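Please look over the structure below before reading on. The briefing that follows begins with a single residue, then turns to the whole chain and its parts.

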Amino acid sequence: NFRTAAPIGYAFVNFVSPRHAQHCLEIFHGFSDWAVHTSKVCEPAWSEGAQGLTEHIERYRNCPLMHETVPDQFKPAIFSHGARIPFPEPTLAIRRPRLRHPEDVSLGGGEARPQQGYPVS
């Protein structure tokens, strides 16, 4: 959510093996001890659309979230061995995101609370 800087409630995580992914599903099922107040409960599941790191990169690299006016905290992020690595460059011109209530949002230059990136890997 650009206005409140709150996460929208999902993430894609790409594991190195199905065994690791299954273990994560089991560990995080029902998790609710979030750092912020929310009634959301974690319901991990296999992605029904894209599968794998390459497909997720291709899904997001040219999307409006990657536009230069979008603060980094809102962009998809890739992590390898716990460290953030650069997201592959776009292959197309990125259009600015369309906002429902643009008067409530500052993209570029506005202050927003720091948030963790949404890991793709």
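**Briefing on the predicted model**

R98 is exposed, with a relative accessible area of 70%; here exposed means over 50% relative accessible area, buried means under 20%, and partly exposed lies in between, with a 1.4 Å probe and protein chains only. This is a predicted model, in which local features need pLDDT of at least 70 and side-chain atom pairs count only at pLDDT 80 or more, while totals for chains, interfaces and linings use all residues. Residues are numbered from 1 along each chain as its sequence is written, and side-chain values use heavy atoms, with hydrogens and water left out.

**Overall layout**

- The protein chain has two helices and three strands, and they follow the pattern α-α-β-β-β along the sequence; helices (H or I, at least four residues) and strands (E, at least two) are DSSP runs, numbered from the N terminus.
- Of the 121 residues in the protein chain, 26% count as buried.
- Among contacts in the protein chain with a separation of 6 or more, 67% come from residues 24 or more positions apart, where contact means heavy atoms within 4.5 Å.
- R98, found in the loop between β2 and β3 (118-119), is 33 residues from L65 in sequence, and the two are 10.0 Å apart in space, C-alpha to C-alpha.

**The two helices**

- In helix α1 (residues 18-28), the buried residues are A21, C24 and L25. Seen down the axis of α1, these buried residues fall within an arc of 100 degrees, so they line one face of the helix; the arc is that of the directions from the helix axis to the C-beta atoms.
- R19, E26 and I27 are exposed on the other side of α1.
- After α1 comes G30, which has a positive phi, near 85 degrees.
- In α2, the residues H56, I57 and Y60 are buried. They cover an arc of only 100 degrees around the axis, which puts them on the same side of α2.
- The buried residues of α2 pack against β1.

**The nonpolar core**

- F12, I57, Y60, C63, M66, I78 and F87 make up the largest nonpolar core, which has seven residues; such a core is a set of buried Ala, Val, Leu, Ile, Met, Phe, Trp, Tyr and Cys residues joined through side-chain atoms within 4.5 Å.
- In soluble globular proteins, nonpolar side chains tend to be buried together.
- M66 touches Y60, R61, K75, P76, F87 and I94, when residues up to four places away in sequence are not counted.
- C63, a member of this core, is buried with a relative accessible area of 14%.

**The hairpin**

- β1 and β2 pair in the antiparallel sense over three bridges, and two strands are taken to pair if DSSP finds at least two bridges between them.
- F79 stands opposite R84 in β2.
- The two strands β1 and β2 form a hairpin with two residues between them. H81, found in the loop between β1 and β2, has a positive phi of about 55 degrees although it is not a glycine.
- Most residues other than glycine have a negative phi, and most peptide bonds are trans.
- H81 is exposed, with a relative accessible area of 84%.

**Salt bridges and cysteines**

- A search of the whole structure finds two salt bridges, each being a side-chain nitrogen of Lys or Arg within 4 Å of a carboxyl oxygen of Asp or Glu.
- R84 lies in strand β2 (residues 83-85) and D72 in the loop between α2 (53-60) and β1 (76-80), so the pair ties together parts that are twelve residues apart in sequence.
- R84 is partly exposed at 40% relative accessibility, and D72 is partly exposed with a relative accessible area of 45%.
- A search of the whole structure finds zero disulfides, a disulfide being a pair of cysteine sulfur atoms within 2.5 Å. C42 is in no disulfide, and the nearest cysteine sulfur, that of C24, is 7.4 Å away.
- C42 counts as buried, at 18% relative accessibility.
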